[in-house]
Amino acid sequence: MTFTQTIAQSMMRPVIRLACIALLSAGSCAYALTAIEAQGMAIGEGDARIEALNKALANADEKTAAFIQALSDDAVKVAGDKVFVVRDDKGFDPVTGVELAMPDTVEDVMNNNRMRGELDTALAAMKLFSKDEKVRGGSIKTLLSETDETKLPLIEKALAAETNPVFKDQLLLVRAAILLNNADKSKRLEAAKLLSQSNNPNTKTVLLERLKTEDQPDVKSALEATLRTVEASLAWGDKIGALFSGISLGSILLLVALGLAITYGLMGVINMAHGELMMIGAYATYVVQGVFQKYMPGAFDWYLVAAVPVAFLASALMGAALERGVIRYLYGRPLETLLATWGISLMLMQLARSVFGAQNVAVENPSWMSGGVQVLGNLSLPFNRLVIIGFALAVLLGVAWLISRTRLGLFVRGVTQNRPIAACMGVNTARVDTYAFALGSGIAGLAGCALSQIGNVGPDLGQSYIVDSFLVVVLGGVGQLAGTVYAALGLGILNKFLEGWTGAVLAKIAVLVLIIIFIQKRPQGIFAMKGRSAEA
């Protein structure tokens, strides 16, 4: 065989390999998985298995893809030189699919982290030619940190076949990352130029690794310039991410503090059980989830819509009972009210432990709240957080309308500003107190419903937010909804930005110190109450 024929054959092999992979779904490739290939991928040391895996990709068919998937799922066992694919506790031949009797000496195939990475990459590579855009997108995402030059022909073939412009750009970045290790200097320069457009965190890692071994000054200079560009892009992603996290935290604080702003602003009651009212709303959401799972599994995605009013009513009724049974006898006695509500909070936590157990329970997100929006390479906005922000805004608008546009809101504002005069005008202040306390408690229940979507639900859920919610109310101005909004968002954003510099603990301390300084200078909060009060 001549040198020219050898070169021609070596150039044809990648073409044959790619043709096989592209035709997997049609099953029209002449090659098929063999018993030797299956043994090579399942038996032996890591390097030998990886080499066998790469060889099998060259002759990939549907059975090869299924076997690699079985390896990835730990569903392959071996006995001597026999390989079995296990389904429903039965063994099957990976080549013929015929059921086989598994001997007692059968052993699991052990995959270390390196082997699992190779299996994931192989599976992703075979999905580059899928007709489903979601499958192709997931495959490209897996390959974004790929630097193995053996995958280059596959990437270039997929690049030529790709019609989605977004996926095409991503494949160009994958190709550039692979070319960074090319022996050709011009290819490395081309790769450095292309990677400057990337905002993926993996790109920074790839560049740093290449810089350690690069010995050409001009290529090294290009890589360093690209690294600076990528870091600047990632820095913007981090800043926007911190801002979003701050708004997300602020929306949660707003939901928790809205109810407290009503009860504390109206009656001056320091309700230490407010966090437990929020816990009741979270457990109510958990109960509704269980009802839907048992009796209406087909409508499970809508359980949260039903849970919102249930959480509101459960907490509102508990709040009304609390106000009628205990708090109304303690008006004007703030210390006794604080101690009484603190005791009630302990009782409610113990009640939750007795009914639901001491362990946290999980509340699942509906499918439409799963996943997120990928804005930048290092910035994804989760749907559950976006929904909570929108929900907090809706609750805020509802409360603002209720306070400013309804008869109950008029009575609440009148009693807040001057209770004796409101009573003289015929307002039943005791009934207004009950309604307002129930409303504030119901809003706490809505906060618990929202919190159940971003974490587990437990008896101590409310304890994490009660102090922060009081800080929001005091900082914003007692009884002022606008001040509550500004304080909640301000504290959330400030806390998240400080966490990036000082860490979570020091950020909390810094925020508390800043609030103390602010209250010393402006005791009435951001917004002072307008009008004359009985105490003025």
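**Notes on the predicted model**

1. Helix α21 (residues 504-521) supplies the largest share of the nonpolar patch, six residues. The patch covers about 610 Å² and is built from L494, V505, L506, I509, V513, L514 and I517. Helices (H or I, at least four residues) and strands (E, at least two) are DSSP runs, numbered from the N terminus. Accessible areas come from the Shrake-Rupley method with a 1.4 Å probe, and for residues only the protein chains shown count as cover.

2. Before going on, some ground rules. This is a predicted model, with local features needing pLDDT of at least 70 and side-chain atom pairs counting only at pLDDT 80 or more, while totals for chains, interfaces and linings use all residues. Residues are numbered from 1 along each chain as its sequence is written, and side-chain values use heavy atoms, with hydrogens and water left out.

3. The scale here is: buried under 20% relative accessible area, exposed over 50%, partly exposed in between (1.4 Å probe, protein chains only).

4. The overall picture: the protein has 21 helices and seven strands. Of its 536 residues, 43% count as buried. The protein exposes about 27300 Å², and carbon and sulfur atoms supply 61% of that. If you take contacts (heavy atoms within 4.5 Å) between residues at least 6 apart in sequence, 70% of them join residues at least 24 apart.

5. Salt bridges: there are seven in the structure, each being a side-chain nitrogen of Lys or Arg within 4 Å of a carboxyl oxygen of Asp or Glu. One of them joins R114 and D47, with the closest N and O atoms 2.5 Å apart. What does this pair tie together? R114 is in helix α5 (residues 113-126) and D47 in helix α3 (residues 46-58), so the bridge links parts that are 67 residues apart in sequence. D47 is exposed, at 51% relative accessible area.

6. Another salt bridge has R324 and E323 as partners (3.1 Å, N to O). Are the two buried or exposed? E323 is buried, with 0% relative accessible area, while R324 is partly exposed at 32%.

7. Helix α14 (residues 334-356) is worth a look. Its 23 residues should span 33 Å, and the end C-alpha atoms are 32 Å apart, which agrees; the expected span is 1.5 Å times one less than the number of residues. Buried residues in α14 include T337, T341, I344, S345, L348, M349 and A352. Spacing of this sort has a simple background: an α-helix has 3.6 residues a turn, so residues three or four places apart point the same way. The cover over the buried residues of α14 includes α12 (274-295) and α13 (303-325).

8. A quick word on D468, which is placed in helix α19 (residues 466-476). D468 is buried, at 18% relative accessible area. Leaving aside residues up to four places away in sequence, D468 touches L253 and K508.

9. Finally, the strands. β1 pairs with β2 (residues 82-87) in the antiparallel sense over four bridges; two strands count as paired if DSSP finds at least two bridges between them. K77 stands opposite F84 in β2. The two strands make a hairpin with two residues between them, and G80 in the turn has a positive phi of about 70°. β2 also pairs with β3 (residues 90-92), antiparallel, over three bridges. In this pairing R87 stands opposite K90 in β3. β2 and β3 form a hairpin with two residues between them, where D88 in the turn has a positive phi of about 55°.

Definitions and conventions
Patch = residues over 30% accessible without salt bridge, like charges linked within 9 Å, V, L, I, M, F, W, Y side chains within 5 Å.
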